[in-house]
Amino acid sequence: MEQTDQQILALLSRDGRMSFTELGRQVGLSTSATQQRVRRLEKSGFITGYRADINAAKVGRALTAFIEIQPLGAEQEDRAPELLASLPQITSCYSVAGNASYLCLAQVGSAEELDGLLNTIRRDLSVTTVTTIVLRTAFKHRPLVS
């Protein structure tokens, strides 16, 4: 990957709304050349999307928790992806190696809501869970390219 493309990815990962004009100014390209490069990076799969960061507290979901999901037995059918995808409190979910099968990030409004979510997961999937509640976020969404 060319250095200019890396610079574009680094800048967009910090500010996905940066204009093509400003992006081009910072990497030394014209606006149209920058737009062409960004489109090429999108088409080739280097850029997979853009999103807005939402203040979780402002939308009533200030409590963040990581939930490890551990199967009770290896013989049971894995229905976790479908169920977890249907729960709006689960904002990210990863299939992992180790004691757990899945590691999920949940955003809820209260400890009671988290308790209800955990009860739903345990009941519907016949699994155990280990939960870690986030007290403070040191950093998040670190750019992959710098």
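Helix axes here are lines fitted to C-alpha atoms over the stretch in contact, and angles run from 0 to 180 degrees between N-to-C directions. Helices (H or I, at least four residues) and strands (E, at least two) are DSSP runs, numbered from the N terminus.

This is a predicted model, in which local features need pLDDT of at least 70 and side-chain atom pairs count only at pLDDT 80 or more, while totals for chains, interfaces and linings use all residues. Residues are numbered from 1 along each chain as its sequence is written, and side-chain values use heavy atoms, with hydrogens and water left out.

First, the helix pair. The axes of α1 (residues 3-14) and α2 (residues 20-27) lie 10 Å apart, at an angle of about 130°. That makes α1 oblique to α2, because angles under 35 degrees count as roughly parallel, over 145 as roughly antiparallel, 65 to 115 as roughly perpendicular and the rest as oblique. Contact, meaning heavy atoms within 4.5 Å, involves T4, Q7, I8, L11 and L12 of α1, and L23, Q26 and V27 of α2.

Next, the cores. A nonpolar core is a set of buried (under 20% relative accessible area, 1.4 Å probe, protein chains only) Ala, Val, Leu, Ile, Met, Phe, Trp, Tyr and Cys residues joined through side-chain atoms within 4.5 Å. The largest one has 19 residues, and I67, L84, I90 and L117 are among those with the most contacts inside it. Two or more residues each come from β1 (63-71), α4 (80-86), β3 (102-108) and α5 (111-125). The largest share, five residues, is from α5. Leaving out residues up to four places away in sequence, I90 touches I67, L84, C104, L105, A106, L117 and I121. Another core lies apart from that one, with ten residues, including I8, M18, L41 and I47.

Definitions and conventions
Buried means under 20% relative accessible area, exposed over 50%, partly exposed in between (1.4 Å probe, protein chains only).
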